[in-house]
Amino acid sequence: MAIMLGPEHEQLIAEALNSGGYQNSDEVIKRALELLRERDTWRNENRDKIEEGYAAAQRGELLDSEQVSARMEVKKRAWLFDQRKG
């Protein structure tokens with residue numbers, strides 16, 4: 001399969017190669033496609049939550065940063081507890 005890339009995409013590949021994280025352009029493209037699939041899968045799995053959050057925001061039901069931090073801390077503690085049990 002032949003693919004034509006624009007100069008901006010060729011530059012992105014060159015930058016990835018120069019970073020030392022990839023051996024060749026095929027590896028860069030393969031990783032980009034894997035990330036695209038992961039993002040699309042995540043989005044599809046979380047579409048309902050995203051729509052629910054958007055609807056809540058439209059109704060003005062937003063959480064401030066302190067509320068979010070507190071909820072995240074509770075989830076973190078529960079996760080750590082589960083990790084120690086396992």
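These legends accompany close-up views of a predicted model.

View 1. Let's begin with Arg-31 and Glu-34, whose side chains meet in a salt bridge at 3.4 Å, N to O. Both residues belong to helix α2 and sit three residues apart, about one turn of the helix. Arg-31 is partly exposed at 30% relative accessible area, and Glu-34 is partly exposed too, at 27%. Glu-38 joins these two in a network of salt bridges. The whole structure holds five salt bridges.

**View 2. The pairing of Arg-59 and Glu-61.** Here the closest N and O atoms of the salt bridge are 2.9 Å apart. Arg-59 is exposed, with 52% relative accessible area, while Glu-61 counts as partly exposed at 47%.

**View 3. Helix α3, from its cap onward.** At the N-terminal end, Asp-64 caps α3, with a side-chain oxygen 3.1 Å from the backbone nitrogen of Glu-66. Within α3, Glu-73 and Arg-77 are four residues apart, so about one helical turn separates them. Their side chains form a salt bridge of 3.7 Å, N to O. Glu-73 is partly exposed at 32%, whereas Arg-77 is exposed at 52%. Look also for Asp-82, found in this helix and partly exposed at 45% relative accessibility.

**View 4. A nonpolar surface patch.** Met-1, Ile-3, Leu-5, Ile-29, Leu-33 and Leu-36 make a patch of about 630 Å². One of them, Ile-29, lies in helix α2 and is partly exposed, with a relative accessible area of 32%.

Terms used:
Residues are numbered from 1 along each chain as its sequence is written. This is a predicted model: local features need pLDDT of at least 70, side-chain atom pairs count only at pLDDT 80 or more; totals for chains, interfaces and linings use all residues. Side-chain values use heavy atoms; hydrogens and water are left out. Helices (H or I, at least four residues) and strands (E, at least two) are DSSP runs, numbered from the N terminus. Buried means under 20% relative accessible area, exposed over 50%, partly exposed in between (1.4 Å probe, protein chains only). Patches are made of residues with over 30% relative accessible area and no salt bridge: like charges are joined within 9 Å, nonpolar side chains (Val, Leu, Ile, Met, Phe, Trp, Tyr) within 5 Å. Accessible areas come from the Shrake-Rupley method with a 1.4 Å probe; for residues, only the protein chains shown count as cover. A salt bridge is a side-chain nitrogen of Lys or Arg within 4 Å of a carboxyl oxygen of Asp or Glu. A polar contact is a pair of N or O atoms within 3.5 Å; within protein, one must be able to donate a hydrogen and the other to accept it, and residues adjacent in sequence count only if both atoms are side-chain atoms.
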